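Trainee: I would like to learn how to read a few features of a structure. Please show it to me and take them one at a time.

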Amino acid sequence: MAEALWISFAFSLGLVVKRLSLPPLVGYLAAGFILNGILSPDALELAEGKTLDHIAHLGVLLLLFTVGLKLKVRSILQPEVIGGSLLHFAITCVVFTPGIHLLADLDWQTSLLLAIALSFSSTVLAAKVLESKRELRAFHGRVAIGILVMQDLIALLVMSLAAGKSPSAYALVILGLPLLRPLLYRLLDASGHDELLVLLGLLLALVLGGLGFESVGLSSELGALVFGAMLANHPRAEELSRSLWSLKEVFLVGFFLQIGMGGLPDSDALVFAVVAALVLPLKGILFFFLLLVFRLRARSSFLSGLALTNYSEFGLIVASVALQEWLIPLAITVALSFVVSAPANRIAHRLYERWSHRLEPFESQRRHPDEQPVSLGDTEVLILGMGRTGTAAYEKLHPENPQTMGLDSDPAKIEKHKALGRNVLFGDAEDTSFWQSLEIPKLKAVILATHDIEGKVIAARKLRERGFSGQIVAHTMYEDDAAAIKAAGADEAYLTMDETGVALASHTLEYTSVRES
């Protein structure tokens with residue numbers, strides 16, 4: 001009975017808000033609130049129960065595991081990530097603590113803990129929004145996720161202090177986890193492409209990461225993220241992420257339902273949530289200016305800041321440990337911030353285009369190294385995406401045309417290519433502003449070899465908008481993706497398996513003709 005209620009209400013409200021061009025998660029939150037309002041306390045307890053709580057927790061772990069699969073440790077160890085997160089946390093606590101103390105007439109300790117809870121941004125919402133727009137690996141996406149990881153680490157420290165607990169001595173074992181990377185790589189290689197791949201993902205995210213970290217007194221969320229990050233450099237990390245996508249999405253419905261079903265507010269809780277929602281833009285504004293200090297462009301600062309303009313589920317976890325009486329007001333506050341943040345992030349690029357003339361004057365003249373405008377110089381052939389396909393194309397073309405260049409958005413991958421003598425530069429095909437600053441004076445042809453279909457579509461469209469009239473070719477696995485790429489401006493979008501067959505036939509004909517001669 002409980003499952004029937006969850007599914008029916010979640011689907012119905014999700015479909016309604018989707019028809020209104022809003023993210024379905026807003027509908028899931030609304031479904032939770034409606035269930036909370038129409039069910040009796042006993043029925044609500046039965047409907048919510050431990051099952052929904054468990055499903056929600058599994059969804060969060062799978063989400064963080066897939067985020068880890070796209071996370072490079074180097075993207076966290078950056079000044080804008082460490083400095084931005086710590087400064088934002090400190091400034092928020094300094095400003096919010098006395099404000100809450102004066103307005104709510106609370107003692108200083110409670111005011112400080114509430115300020116800390118409100119200082120965090122939602123890892124779940126930001127990661128889901130960025131993933132839905134295929135921007136997790138874009139520069140602003142990497143900055144936002146890096147800041148969220150730092151915030152999560154701060155939250156874990158706060159919870160440990162508030163609960164008077166500390167990790168066990170066995171937690172030191174996690175320092176040896178990098179030694180397991182070769183074994184994890186072999187397991188991933190041996191798992192194939194079907195259900196064993198999905199089971200491996202569940203094993204790493206829920207058992208080794210989640211349960212394993214909990215058993216030594218650490219956060220299961222941190223464990224899922226760490227195990228995902230350990231596989232981030234594996235060639236099949238993207239495939240593993242895709243294999244878990246449906247499970248993760250279904251389980252996350254439980255997370256948003258659970259927040260809505262957490263409780264209906266009384267008048268005081270509602271006032272607190274509304275006031276917190278009114279000051280929510282200040283959170284994004286502070287992130288915007290802090291990131292500008294670290295030499296990010298206005299666009300990247302705006303998009304990262306907007307993704308972080310919400311309140312966090314970690315605030316609820318902090319409240320469950322140290323502020324039980326504030327759990328429902330904070331739950332309403334988090335839910336309300338989701339309702340505001342999710343639609344705003346959906347139109348983030350349009351918002352920036354509308355306000356760019358007011359935001360860009362705040363930019364520093366000194367740019368961040370990852371955001372330097374790229375000039376292709378004498379390059380005649382450009383390869384976007386230097387994975388296996390892009391590298392093979394480069395190796396084939398470069399001996400015939402030395403003016404061949406590769407672009408990739410992964411700094412670690414770029415360094416490896418440069419060490420092998422290849423001409424590869426940094427460039428994010430999914431960053432629309434990258435194409436606005438790209439100089440292509442002698443470019444004749446472009447090969448789209450990125451993993452992501454959206455990156456290929458954006459690249460083809462932006463090249464044509466720039467007036468590029470040369471050849472654009474791409475490869476893809478599916479016919480509908482090929483049609484989308486060609487509609488965006490590509491001359492040809494070859495089906496990978498078809499072209500593999502053609503290549504095999506060519507090699508066979510070449511071999512047989514040599515034998516006959």
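Mentor: Begin with T97, which counts as buried because its relative accessibility is 7%. Buried means under 20% relative accessible area, exposed over 50%, and partly exposed in between, with a 1.4 Å probe and protein chains only. This is a predicted model, in which local features need pLDDT of at least 70, side-chain atom pairs count only at pLDDT 80 or more, and totals for chains, interfaces and linings use all residues. Residues are numbered from 1 along each chain as its sequence is written, and side-chain values use heavy atoms, with hydrogens and water left out.

Trainee: Where is T97 placed, and which residues is T97 in contact with, leaving aside neighbours within four places in sequence?

Mentor: T97 is in helix α5. Helices (H or I, at least four residues) and strands (E, at least two) are DSSP runs, numbered from the N terminus. Contact means heavy atoms within 4.5 Å. Apart from neighbours within four places in sequence, T97 is in contact with T92, W108, S111, L112 and A115.

Trainee: At what angle do α5 and α15 pack?

Mentor: Axes are lines fitted to C-alpha atoms, for helices over the stretch in contact, and angles run from 0 to 180 degrees between N-to-C directions. Here α5 (residues 79-104) and α15 (residues 280-293) pack at about 140 degrees, and their axes are 10 Å apart. The two helices are therefore oblique to each other; angles under 35 degrees count as roughly parallel, over 145 as roughly antiparallel, 65 to 115 as roughly perpendicular and the rest as oblique.

Trainee: Which residues of α5 and α15 meet?

Mentor: From α5, E80, G84, L87, H88, I91 and T92 meet K283, L286, F287, L290 and L291 of α15. As for the general idea, an α-helix has 3.6 residues a turn, so residues three or four places apart point the same way.

Trainee: What is there to notice about phi in the loops?

Mentor: Most residues other than glycine have a negative phi. D105, although not a glycine, has a positive phi of about 55 degrees. D105 lies in the loop between α5 and α6 (108-119) and counts as exposed, at 68% relative accessibility. R295 is not a glycine either, and has a positive phi of about 75 degrees. R295 is in the loop between α15 and α16, and at 26% relative accessibility R295 counts as partly exposed.

Trainee: How many residues of α16 are buried?

Mentor: Ten of the ten residues of α16 (residues 298-307) are buried, so α16 is largely enclosed by the rest of the structure. Among them are R299, F302 and L306.
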